[in-house]
Amino acid sequence: MALEDYRAMMERCSNCSGCKWIPFDKIKSQRFSENCPSISYYNFNTHSARGRFQLAQTLLDGDCEFSPDVVEAIHNCTACGSCDSTCKITRYNLEPLDHNLALKAKAVEEGYALPEQKPIMDSLQQEKTMLPGELRSNRLHWASGIDVKDLMKEKGEVAFYPGCKYSYNEKLKPVAANALKLLINAGADVGIFGSADMCCAGRALQMGFENDYEQQAKANMEVFTKSGVSVIVTPCSDCYHAFKRQYAKLGLDIKVMHLVEYLDELIQDEKLVMKNRVPMTVTYHDPCHLGRLGEAYVPWEGKEKKILNQVHTWEPRRPRYNGADGIYDAPRRILQSIPGVELVEMERIREYTWCCGAGGGCSQTNPEFASWTANERITEANATGAEAMVTACPWCEESFMNAKDEDGNTIQVVHLIDLVLQAI
Ligand code: SF4
Ligand code: SF4
């Protein structure tokens, strides 16, 4: 939807500020009660979902313009969607996240992208990755030495899609390689897209580059369809969200699973048995794009109407993405199935998780803001007394590893698969 189409929502925002905190009945301490990294870091209303509705309205009405401060405020949103989940506690069906993205898209369309975004988008166009400096010719190095099907040349049921971070980041490449080997050893009919493997471009959408996103999404969908696979498995939560929620809007009709869902099924079916003890106290970080933004797309066609010329509603009832149906139980079940692992929870979990700071391209365009956001989460993880923070997303993992290094925190950051490998 274009920004103009959100007019009614801008007017319906009640200024309750519910988008700045987790719901009151979930708050355990004042220290970890906030939910929006942008308003918490900048401490200025324009940086909240509420402020963004007001900002958009004044821009559309011609009462303000794209000044440098306005452009910064628009783009320094991690697209974490926390405002979206908490707003739905107080309002029936406003869509603050989609609105934030439409506001970013409007800025980009009018020529107000951030200068830091240019190399990222150039890289997507030229090398099919949003990691500037990385070459397409090196994309498959992570899989070297693994005997796996190339799905562009032979048929397979499952496609393993690692995503850019796991394909290029030296510290993270082993996660992709180990996950793929684990799937092969468990008997999955799995392959990779070989030279046709490209970025999912979910970040382009998160940064407001709608046309680039759509072009790349359609190119990927062509690859997926041509391969004939029936399931795509990814260890990256960003790719998961892109395929499951966003590509589905464009017509993708292939089952999408995050690696944790696939592993959970293997464990339930006893194809993967956890036999070794891993004596460790851990806390689990819910990645935004796997958790509250991991809900499947529900097609809807209908229209808005007013009751008694006052109450806005939709006919038929619109799907309500409040984050409750995201992927939360599978990773926790896996952790609890590992002998010796004790899971202790942070205060903000499931749909009210705190963002790692990397979303919306912020780790690349505003590392200081991203790092502050990640450090907030590490402080929360440390408060549980856990020895390790476990996650299931390369962006989260990298954010926490970098932030950990900066502040000298002692908590380890590990991908769930690393613990599974120790246990089998
Ligand atoms: S998407 Fe996240 S960072 Fe952006 S306004 Fe909402 S809560 Fe804040
Ligand atoms: S919670 Fe929703 S209705 Fe309340 S101020 Fe935030 S965006 Fe507006």
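A: Between the C-alpha centres of domain 2 and domain 3 there is a distance of 22 Å, in what is a predicted model. Each side brings 31 residues to their contact (heavy atoms within 4.5 Å). The assignment, automatic or from a database, runs as follows: domain 1 covers 1–112, domain 2 covers 117–268, and domain 3 is made of 273–291 + 326–424.

Residues count from 1 along each chain as written, with chains lettered from A and ligands numbered from 1 in written order. Local features need pLDDT of at least 70, side-chain atom pairs 80 or more, while totals for chains, interfaces and linings use all residues; side-chain values use heavy atoms, without hydrogens or water.

Now to the open space. The largest pocket holds about 890 Å³ (an open set of 1 Å grid points where a 1.4 Å probe fits, with protein on both sides within 12 Å along at least five of seven lines; lining residues have an atom within 4 Å of a point). Its lining has 28 residues, and M1, Y6, D98, K249 and Y297 are the closest to the centre. Two or more lining residues come from each of α1 (7–12), α6 (96–109), α11 (210–227), α12 (237–249) and β7 (303–307) (DSSP runs, at least four residues for helices and two for strands). Domain 1 and domain 2 each give at least three residues to this lining.

Turn next to the ligands. Around ligand 1 there are 13 residues, with C36, C77, C80, G81 and C83 coming nearest (a heavy atom within 4 Å). At least two residues of that shell are supplied by each of α2 (37–42), α3 and α5. Seven of the shell residues are nonpolar, five polar and one charged.

Ligand 2 is also surrounded by 13 residues, and C13, C16, C19, C87 and R91 are the closest. Here α3 (49–60) and α5 (82–90) are the elements that give two or more residues. The shell around ligand 2 divides into six nonpolar, five polar and two charged residues.

Finally, an unreviewed UniProt entry lists "domain: Cysteine-rich" for residues 158–244 and 327–397. Residues 158–244 are 56% helix and 11% strand, with end C-alpha atoms 15 Å apart. Over residues 327–397 the chain is 48% helix and 10% strand, and the end C-alpha atoms lie 17 Å apart.

Key:
Grid points are joined across faces, edges and corners, and a volume is the space filled by probe spheres set on the points. UniProt positions are given in the numbering used here, feature names are shortened, and annotations may be inferred rather than shown by experiment. Ala, Val, Leu, Ile, Met, Phe, Trp, Tyr, Cys and Pro count as nonpolar, Asp, Glu, Lys and Arg as charged, and the others, Gly among them, as polar.
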